[in-house]
Amino acid sequence: MVWYHRVSFFSINKLNDCNKVQKDPVPHDTKMNVIYKIKCNDCDATYIGQTKRKLITRVNEHRNHIRRNTSSKSVITDHRLDYNHEFDWNNVDILDCESFCHKRLISEMLYIKTQSNGLTASSLGCQCRVIAPVHLFSFSLLLERKGRKMN
Ligand SMILES: [Zn+2]
């Protein structure tokens, strides 16, 4: 599918940016402005989310969220309770890093689309989420134009 080809093209560029910006090695857990993937230890389910804060802060929130029916719903908690599965908290993948909120949300959405058995994301906190669809639309137009030029 053409769309997926473009997604991977976009992602590779983003990862290069990511490496360029961080000259000094930053400990994995303390990286900020990242799109991350948490994997289930017991099946092939994955969760993709994004955070502007330190990765470890967000991961610990997921990890410590153990009760259902709280004000903040968690698909990870639902998966842990429904299947009695546990997630691989110590091996969270960083898929991308992006300091601009709307770009981070677009990147998150693109990665979510590539998941084979993804838990539906419900990442909390970012105010930009409401305007993200507009950016996604303009971004897809940009990709269309790039695609036409390349052809
Ligand atoms: Zn599982």
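1. Strands here are DSSP runs (E) of at least two residues, and helices are DSSP runs (H or I) of at least four, numbered from the N terminus. Strand β1 (residues 34-39) pairs with β2 in the antiparallel sense, over six bridges; pairing requires that DSSP finds at least two bridges between the strands. The link from β1 to β2 is a hairpin of six residues.

2. Before going further, please keep in mind that this is a predicted model: local features need pLDDT of at least 70, side-chain atom pairs count only at pLDDT 80 or more, and totals for chains, interfaces and linings use all residues. Residue numbers run from 1 along each chain as its sequence is written.

3. Strand β4 (residues 118-119) pairs with β2 in the parallel sense over two bridges, and Tyr47 has Leu119 as its bridge partner in β4. How many of the six residues of strand β2 are buried? Five are, so β2 (residues 46-51) is largely enclosed by the rest of the structure. Buried means that 20 or more other C-beta atoms lie within 10 Å of the residue's own; exposed means 12 or fewer, partly exposed is in between, and the C-beta atoms are placed from the backbone.

4. Next comes helix α2 (residues 55-64), where Leu55, Arg58 and His62 are buried. They span an arc of only 75° around the axis, which puts them on the same side of α2; the arc is taken from the directions from the helix axis to the C-beta atoms. Thr57 and Asn64, on the other side of α2, are exposed. As a reminder, an α-helix has 3.6 residues a turn, so residues three or four places apart point the same way.

5. What do the buried residues of α2 pack against? Their partners are β1, β2, α3 (75-83) and β3 (93-97).

6. Arg58 counts as buried because it has 22 C-beta neighbours inside 10 Å. Leaving aside residues up to four places away in sequence, Arg58 touches Gly49, Thr51 and Arg53; contact means C-beta atoms, placed from the backbone, within 7 Å. Arg58 and Asp29 are 29 residues apart in sequence, with 9.7 Å from C-alpha to C-alpha.

7. Finally, the whole chain: five helices and four strands, in the order α-β-β-α-α-β-α-β-α along the sequence. Of the 151 residues in the protein chain, 23% are buried.

Terms used: Two residues are in contact if their C-beta atoms, placed from the backbone, lie within 7 Å.
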